[in-house]
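Hi,

Here is the structure I said I would pass on.

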Amino acid sequence: MPTSPDRPALIWFRDDLRLDDNPALDAALASGRPLILVFILDEQSDGIRPLGGAARWWLGRSLASLAAALEQKGGRLVLRRGAAGDLLPQLAEDVGADALYWNRRYGSAEIALDTALKATLAARGLTVETFGGNLLHEPWTMKTQSGGPFRVFTPFYRRAMGQPVRTPVRAPAALPFAPAPDSELLRDWALEPSAPDWAGRLRRAWTPGENGARAELSAFIDGGLHGYAEGRDRPDLSSTSRLSPHLRFGELSPHQALAAVRHAEAAGEASSRDAEKFVSEVYWREFSYHLLFHFPDLVRVNFNARFDAFEWTNNPALERAWRRGLTGYPLVDAGMRQLWQTGWMHNRVRMVAASFLIKHGLTDWRRGEDWFWDTLVDADPANNPASWQWVAGSGADAAPYFRIFNPVAQGEKFDPDGDYVRNFVPELAALPNKFIHRPWEAPSDVLRKAGIVLGEHYPRPIVDHAQARQRALERFQRIRGD
Ligand code: FAD
């Protein structure tokens, strides 16, 4: 069939569940074609990692939000489930589309699938256009002086800051829809848990979707951004943006987040120090994607091959206690319970909790990465493995192996009044500040007054920090090799 502007354009949504600042959507609109918008739940294609439970919950809510936004404009989101490599060409044929638009993904399985699809569709005479929608810079455009990928954050960041970033654009009020073909029903996908329904606290904590993302961004600009540079390390304060799941699912582009922060800075509503710090954190996300693109096995393979020789012992009892927030270290336990209850954990506590599993438990970082993948609403194909490898010491620009967080010292420094611990570990709430991060040191009358019997209401430490630290140092020393 010859191409014609009367035939519809298909827009394939993936990790970009938004209408604003969506380059694929904008290009389809500019083509003048009527639009058909589709999302495919692909759990079949080779190598695509199935979403974890919390992220499935988020996806279901986010799709409902996108579908509602389209309905408000008189359109419909078409839902299909199966292998995208088969479904998309079939759908294009069924609706007589002659052009397809999508924003790129950066995992190797996703790239392989998209490349094969592009070839199939082009061979049938269809136009396919793809865009960089979810990163500030496409990973292959960022090169070191010698033309290779970056392995260290600071030079990456310096180079990135010299590159232009596009200005985000709003979606037009009206979209020209083509008649939509049949759609599957979202509820048939059972993305949300039912028996048991464990998502109650997730529902209270989050509003997935583009409206929720906008609201979270404005709340951050009006609140947490002030003092972010210091406050971002404090889990007891609401200083960070909580934008990570919105960015993960592309309900907000990093361009929008940066533009809002820069605007606040220019208007004198935010200090340059706070703005710069926030921007640099968004660039850590860019760096993770840069790594994922250039080192596609990041999720399973040590970035630093020296770690292949590391003897993980794994410790099932410690790992079980870690997952349930019952290690006896209040900061770690508060973090793991925050994760279980809300699908999110503060960054400082993620570092401490991950370090505890890896170094105190001598547990392979991949086991922790898997647990976070299943329980985080922001479980991210680049950020999660890159961060776990960073904590383990096997990653790019990683924390040195001898950096073993002391969960007590971290708690006392970053949760000085114990508010974070009291919130998520309520059985310790009545302890005075002095012992909130070290309940096993509290005298018996203090424990009695606080209504705590250690080993009954709250566990004693599952390992002794000093001993565990020593053991980890010795083990890591074996692969040091210098
Ligand atoms: P803010 O401080 O408001 O930062 C703004 C944005 O910058 C974040 O939304 C995020 O997109 C990005 N960002 C911030 N810190 C980092 C960082 N250290 N590395 C990369 N990007 C960052 N982040 C995820 O998005 N998904 C994950 O699966 C994930 N897993 C992690 C696992 C471990 C063990 C650790 C230590 C960190 C992990 N992070 C992950 C990074 C970080 O903890 C979260 O991005 C951050 O806590 C999200 O909260 P926020 O949106 O309030 O962050």
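Let me start with a salt bridge: R124 pairs with E93, and their closest N and O atoms are 3.8 Å apart. R124 sits in the loop between α4 and β5 while E93 belongs to helix α3 (residues 84-95), so this pair ties together parts that are 31 residues apart in sequence. As for solvent, R124 is partly exposed at a relative accessible area of 45%, and E93 counts as exposed at 54% relative accessibility. Before you read on, please keep in mind that this is a predicted model.

That contact is one of 34 salt bridges in the structure. R478 counts as exposed, with 54% relative accessibility, whereas E311 is partly exposed at a relative accessible area of 42%.

Then there is D364 with R366, whose side chains meet in a salt bridge at 2.9 Å, N to O. Are these two buried or exposed? D364 has 14% relative accessibility and R366 a relative accessible area of 17%; the cut-off for buried is under 20%, so both count as buried. There is also a network: D20, R170, E210 and R214 are joined into one by salt bridges that share partners.

Strand β4 (residues 99-103) has five of its five residues buried, so it is largely enclosed by the rest of the structure. In a regular strand, side chains alternate between the two faces of the sheet. For β4, both faces are covered: A99, Y101 and N103 are buried on one side, and L100 and W102 are buried on the other.

Which strands pair with β4? One is β1 (residues 9-13), which runs parallel to β4 and is joined to it by four bridges. L10 has L100 as its bridge partner in β4. The other is β5 (residues 127-131), also parallel, with five bridges to β4. There, N103 stands opposite F131 in β5.

- R242: a backbone N or O atom lies 2.6 Å from an oxygen atom of the ligand.
- R285: a backbone N or O atom lies 3.4 Å from a nitrogen atom of the ligand.
- R350: an N or O atom in the side chain is 3.4 Å from an oxygen atom of the ligand.

How much of the ligand does the protein bury? Taken alone, the ligand exposes 820 Å², and the protein buries 95% of that.

That's what I have for now.

Cheers

Terms used: Residues are numbered from 1 along each chain as its sequence is written. This is a predicted model: local features need pLDDT of at least 70, side-chain atom pairs count only at pLDDT 80 or more; totals for chains, interfaces and linings use all residues. Side-chain values use heavy atoms; hydrogens and water are left out. Buried means under 20% relative accessible area, exposed over 50%, partly exposed in between (1.4 Å probe, protein chains only). Helices (H or I, at least four residues) and strands (E, at least two) are DSSP runs, numbered from the N terminus. Two strands pair if DSSP finds at least two bridges between them. A salt bridge is a side-chain nitrogen of Lys or Arg within 4 Å of a carboxyl oxygen of Asp or Glu. A polar contact is a pair of N or O atoms within 3.5 Å; within protein, one must be able to donate a hydrogen and the other to accept it, and residues adjacent in sequence count only if both atoms are side-chain atoms. Accessible areas come from the Shrake-Rupley method with a 1.4 Å probe; for residues, only the protein chains shown count as cover.
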